[in-house]
Amino acid sequence: MTKITSLPADDTTCGWYHLSKGRAVQPAHSGHSTARWVVVGAGFTGLAAARQLAEHFPDEQIVLLDAQEVGFGSSGRNAGFAIDLPHDIGADDYIGDIGIAKTVLKLNLSGQSLLKDLVERHRIDCQMKHCGKYQAAVEPRGIAVLDAYRRGLDKLGQPWQMIEANELPEHIGTHFYRKALFTPGTSLVQPAALVKGLADHLPGNVTLYENTPIVEVEYGAKTVLRHAHGSITADKLVLTTNAFGMSFGFLKGRMLPVFTYASLTRPMSADEQARLGGKPYWGVIPADPFGTTVRRTPDNRLLIRNSFSFNPDGRANRKYLERFAPRHRDSFERRFPMLSGLPFEYTWGGALAMSRNHLGYFGQLAPNVYGALCCNGLGVTRGTATGKLLADWLAGEKNDLIDFVLNSPGPCANPPAALTSLGLNFNLKWGQLRAGQES
């Protein structure tokens, strides 16, 4: 018997969640039932896995469980970038091995393409815009990153445009940045609206139970999942819970639950929009990974996302919201002095499942237990892609992408817990300090 000692507990202040369209939340599971397939975790990975299992096995019932409401957890809390390009921060040109990079690009594009198709087919209102992204820099070190990445993109054969400081205000309004590398393949979304829409258009043989946290699991020839009001016995269990996979007994000491934080303004008035200028919507990621992500949304809000905390139990902690909200204000004021004082309506945190070697897990975890875990901050596209591929693999399919993720060595082991906590917290603080003006 495995007792689940840590369950999701996100803050209640996520702007994406509150601004997305309301939906009929599906009831929690109660009583005792059996199922051929049970998928735990209804984020991007779990939704994709359940959908694809239903397509492969139309005569079988697929049960999809989530501990919270769909869209309330990590999948609805990211910055909303559906990124296509690989970005190997350990390589000099951020591309690295060209063969691996091409496969990663294909993997990301497969997830992005699936999402585009579902949004169009089901008319999901999630502000999806195929507008590319800017990777922007202020510090000389950040500019060197852009130049190196440009060389890597050339090697990969991918398009780019370098935009100088005097041209950037026409794109993003602000004069803050010295240079930006624009790549056209990224799509921007309202993530909570997207994940809610995906959940509301699942195949008929998928049964979704929300607000059903699992508290005990008994593994064996069949897996028994127990919760406060009953149990489900599964022939096959699929875990798509990211770092909470460790609570289920797998990959212990191999994933790192890191939270990052965002604030979202009220909508800009017509006068404020005129003062800002630039395009009506865009997304900027920092050249320095510890810098600030910024978005202008289609409903004319501005998003600031920066700052990190290591929360070993994967649960939100309000002290970090109070600590980082002033940092968001400072980052906003430096970028948008023409909008000084524009208030934030929402500030929230969201978890990333990271690994020290930036690799995820895909495959069999135990007899009749399978998982796609640890998206390393690429949950929108990578989670969607690996969730679908896991279902394809379980249905007996073979292809180069399945081989690629199956053959990955997966997340490496962390040092002992005390050293991990001490070292990671130091690195997070040092990285944010070192980001300088990029923060």
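Serine 307 has its place in strand E16, which covers residues 302–310, where helices (H or I, at least four residues) and strands (E, at least two) are DSSP runs numbered from the N terminus. This is a predicted model, in which local features need pLDDT of at least 70 and side-chain atom pairs count only at pLDDT 80 or more, while totals for chains, interfaces and linings use all residues. Residues are numbered from 1 along each chain as its sequence is written, and side-chain values use heavy atoms, with hydrogens and water left out.

Phi of serine 307 is near 75 degrees, a positive value in a residue other than glycine. Serine 307 counts as buried because its relative accessibility is 1%, buried meaning under 20% relative accessible area, exposed over 50% and partly exposed in between (1.4 Å probe, protein chains only).

Histidine 358, which is not a glycine either, has a positive phi of about 60 degrees, and it lies in the loop between strand E17 (344–354) and strand E18 (361–366). At 42% relative accessibility, histidine 358 counts as partly exposed.

On the surface, Lys319, Arg323, Arg327 and Lys429 gather in a patch of positive charge; patches are made of residues with over 30% relative accessible area and no salt bridge, like charges being joined within 9 Å and nonpolar side chains (Val, Leu, Ile, Met, Phe, Trp, Tyr) within 5 Å. A salt bridge is a side-chain nitrogen of Lys or Arg within 4 Å of a carboxyl oxygen of Asp or Glu. Helix H8 (residues 318–335) supplies the largest share of this positive patch, 3 residues. Lysine 319 lies in helix H8 and is partly exposed, with a relative accessible area of 42%.

Methods
Areas by Shrake-Rupley, 256 points an atom, 1.4 Å probe, with all protein chains shown as cover. Lys, Arg positive; Asp, Glu negative; His and termini not counted. Charge placed at Lys NZ, Arg CZ, Asp CG, Glu CD.
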